[in-house]
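Hi,

Here is the structure I promised to pass on. Have a look at it first, and then read my notes below.

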Amino acid sequence: MAGRTSTPGATVLGRALGLLRAFTEDDDPLTPLELGRRAGLARSTAHRLVAELVALGMLDRLPDGTVTLGSGLWELGELAPLSLRMRERALPHLQTLYEATGENVHLAVLAGTDALYVARVTGTSSIPTVTRMGGRLPLHTTGVGRALLAGRDEEWLARYFLIPRERETTFSLTEEAPLRAEIERTRSRGYATTRQEMTLGNVSIAAALPVVAGLPPAALGVVTHIGRADEGRIAPLVVRTAAAIGAALAAH
C-alpha cells in the first residue's frame, strides 16, 4: 500500500494507471489535484505519483504546473503490435481505398464490447465523423462494429446481448432481434452497413479482416454521406481492401 485511495487494496501500479486513465479526449492539461480527484486518490499520493510519472516521461509538466500525457507513453504505444504489425502494414491499403473513394477510411479492432479505432485516413472532402485514433465506439451502431459482431460465435453473442445498448440516434438498432438479423445479413453478403445509426446523415460500409494470429479481430470501414453512399461501388472496394490487408498481415 502506498497512500490513501477510494479503492481499497489498489497497488501503486494500479493507482498510477488510474491517474493516466483520468485524462479524456476533451481535456486541456490538468492539475495534479484534479487528476487525483478523478482517480480517487489523496492529494499527497496524487502529487507524489504525478512527480514520479513526470520523471519517467509518462506525463509532461507544463510551466504552469499542469500536466499532460507524456511523449514516453506515445513512444511505448508505438511498439505495440497494433502499431508495428497492423497499422503500419495496413496504411498503404487504407490510403489506396481513400484515393478510390475520397471518403473517411477507418480500421478498428475488437476491444471488449467496443470498436477501438487504430488507423484512419481522411481528407478535406471527407465528411466529419466522431471517430479518432485510439477512440472507442459501440459495436451495434458502427459499420466496423457490426462487421466485428458478424465474426463472433454464438457463445460470445449470447453474453453480448445481455448488455444494454444505448441509442445514439433515432435510427440506431438496439434490440437483439433486428441486430441479429443484420449480423446474419452481414455474414451472407460479406460486408456490413449502418445508416445514420452513429451520426445523422452518415453511412458506413465495412468488412472484417481475415483472422491473423497474434492480433485482435479487426474490420475496415468507409464512412460517407447518405447522399453519396454508392453501396454497389464502395462495398466491393472495402471487401477487397480488407482481404488485401489480411494477406499483408499474414505474410509477415
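How many aromatic pairs does the structure hold? There are two aromatic pairs in it, and do keep in mind that this is a predicted model. One to look at is Trp-156 with Tyr-160: the ring centres are 5.5 Å apart and the planes sit at 15°, so this pair counts as stacked. Both residues belong to helix H7 (residues 154–160), and because they are four residues apart there, about one helical turn separates Trp-156 from Tyr-160.

Next, a helix packing. The axes of helix H6 (residues 143–150) and helix H8 (residues 176–189) come within 9 Å and cross at roughly 80°. With angles of 65 to 115 degrees counting as roughly perpendicular, H6 and H8 are therefore roughly perpendicular to each other. On the H6 side, the contact uses Arg-146, Ala-147, Leu-149 and Ala-150; H8 brings Leu-179, Glu-182, Ile-183, Thr-186 and Arg-187. Sorted by class, that contact has five nonpolar, one polar and three charged residues.

Then there is the largest pocket, which holds about 1200 Å³ of space. Its lining is made up of 28 residues, with Leu-69, Leu-116, Arg-132, Met-133 and Gly-134 nearest the centre. Two or more lining residues come from each of helix H1 (12–20), strand E2 (67–69), helix H4 (71–77), helix H5 (81–101) and strand E4 (114–121). By class, the pocket lining has 14 nonpolar, eight charged and six polar residues.

Cheers

How values were computed. Residues are numbered from 1 along each chain as its sequence is written. This is a predicted model: local features need pLDDT of at least 70, side-chain atom pairs count only at pLDDT 80 or more; totals for chains, interfaces and linings use all residues. Side-chain values use heavy atoms; hydrogens and water are left out. On a 1 Å grid over the protein atoms alone, a cavity is a set of points where a 1.4 Å probe fits but cannot get out, and a pocket is an open set with protein on both sides within 12 Å along at least five of seven lines; lining residues have an atom within 4 Å of a point. Grid points are joined across faces, edges and corners, and a volume is the space filled by probe spheres set on the points. Ala, Val, Leu, Ile, Met, Phe, Trp, Tyr, Cys and Pro count as nonpolar, Asp, Glu, Lys and Arg as charged, and the others, Gly among them, as polar. Axes are lines fitted to C-alpha atoms, for helices over the stretch in contact, and angles run from 0 to 180 degrees between N-to-C directions. Angles under 35 degrees count as roughly parallel, over 145 as roughly antiparallel, 65 to 115 as roughly perpendicular and the rest as oblique. Contact means heavy atoms within 4.5 Å. Rings of Phe, Tyr and Trp (its six-membered ring) pair if their centres lie within 6.5 Å; planes under 30 degrees apart count as stacked, over 60 as edge-to-face and the rest as tilted.
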